Amino acid sequence: MKLDLKLYRGYVNNQELVVSGHLFKSWAPDKYRLDRKGIKHAVAIIHMFRISPLKNKEITLKFRNTTVTTKTLDDGYFRFTIPFSEELKSGWHEYEVSCNIKDFGMIEKGELLKPHPSKYGIISDIDDTFLISHSNSFFKKLYVMLSKNINKRKIFDDVVDHYKELSRAGQDSEHASNSFFYVSSSEWNLYEFINEFAKMHQLPKAVIKLKKIKTGISDFLSTGRGSHDHKFEKIKDIISFYPHIPYVLLGDDSQKDAHIYERICKIFPKRLKAVYIRQTGRKKKPEITTILKNIESLGVSICYFKHSNKAIKHSRAEGII
């Protein structure tokens, strides 16, 4: 029997712990290789959307002195949101999840984050914010996804420098960093692809939050499309979970980031330090400029930029980095 247990990075505060993952009766979507080219790569990407989740199966989490069992949802997803008040130092910690089905058992290890005392938390979109994805054009986005493996995908100039500086801002220890969260309208199918891309380019290690998993080819064709409301909910969850940290939001003007960030700023009027929106087309969009002016009227610093060096200058001028 094929079984695969996929874990995602979790996070914890002084009262609660959140850990999530998926259980599959097929290979998990990340069983593709980074060295595949051409048609083999395209087939591997399509396979990431041909998965069979397992619903209502028991899953057990072990972390420190805590052991809890829950069951998977209909799409194989599981999430533990549990009370947790043990003393825990800041940084990344290992947790363990196990599953037994018939005579088959498996154990996987994941990581969860207890943020360092931080000047800021940073929440960033992925597609066209740091990973060049052509979200404006459905066919171009699909073509790039199917034709270029992770090592051929491009990143915007200077974006890594900006993110590294945001990660280090206000930290006086080499081991401490500000917390990063990558939130995207891509599906959980692409988790490992995004994680490997971020690692390859030495972007800050982050908790990654994606959209409901997709399980078929027709689903694959609509990847990253549809409602972006889940992004709003996930960002709201993160900011509510760490109520004492101000946040910097980074996105782009190809989808709904500015609209979502405006709603977030209205709900958390004292919690946002700055909003950065990358310009993806030749010209700035008047609608985005209007939204950003409204965000600025709430006392949040804004930057609508084409190149990351402009964003870096803005961050320095505002004392963010």
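This is a predicted model: local features need pLDDT of at least 70, side-chain atom pairs count only at pLDDT 80 or more; totals for chains, interfaces and linings use all residues.
**Exercise 1.** Determine how many residues of α4 are buried, and name them.

*Solution.* Buried means under 20% relative accessible area, exposed over 50%, and partly exposed in between (1.4 Å probe, protein chains only). By this criterion, 7 of the 10 residues of α4 are buried, and the helix is mostly covered. They are Tyr-191, Glu-192, Phe-193, Ile-194, Asn-195, Phe-197 and Ala-198.

**Exercise 2.** Describe the sheet that contains β9 and the helices packed on it.

*Solution.* Two strands pair if DSSP finds at least two bridges between them. The open sheet has 6 strands in the order β11-β10-β9-β12-β13-β14, with parallel pairing. At its edges lie β11 (207-211) and β14 (301-305), each of which pairs on one side only. Within the sheet, β9 (121-124) and β12 (247-252) share 4 bridges; Gly-121 has Tyr-247 of β12 as its bridge partner.

Contact means heavy atoms within 4.5 Å. Axes are lines fitted to C-alpha atoms, for helices over the stretch in contact, and angles run from 0 to 180 degrees between N-to-C directions. Helix α3 (159-168) touches β9, β10, β12 and β13, and its direction makes about 135° with that of β10. Helix α6 (229-241) touches β9, β10, β11, β12 and β13, at about 160° to β10.

**Exercise 3.** Characterise the packing of α6 with α7.

*Solution.* The axes of α6 and α7 (257-267) come within 10 Å and cross at roughly 35°. On the α6 side, the residues in contact are Asp-229, Lys-231, Phe-232, Ile-235, Lys-236 and Ile-239; on the α7 side they are Asp-257, Ile-260, Tyr-261, Arg-263, Ile-264 and Ile-267.

**Exercise 4.** Is Lys-313 buried or exposed, and why?

*Solution.* Lys-313 is located in helix α9 (308-317). Lys-313 counts as exposed because its relative accessibility is 58%. Its C-alpha atom is 9.4 Å from that of His-162, 151 residues away along the chain.

Conventions: Residues are numbered from 1 along each chain as its sequence is written. Side-chain values use heavy atoms; hydrogens and water are left out. Helices (H or I, at least four residues) and strands (E, at least two) are DSSP runs, numbered from the N terminus.
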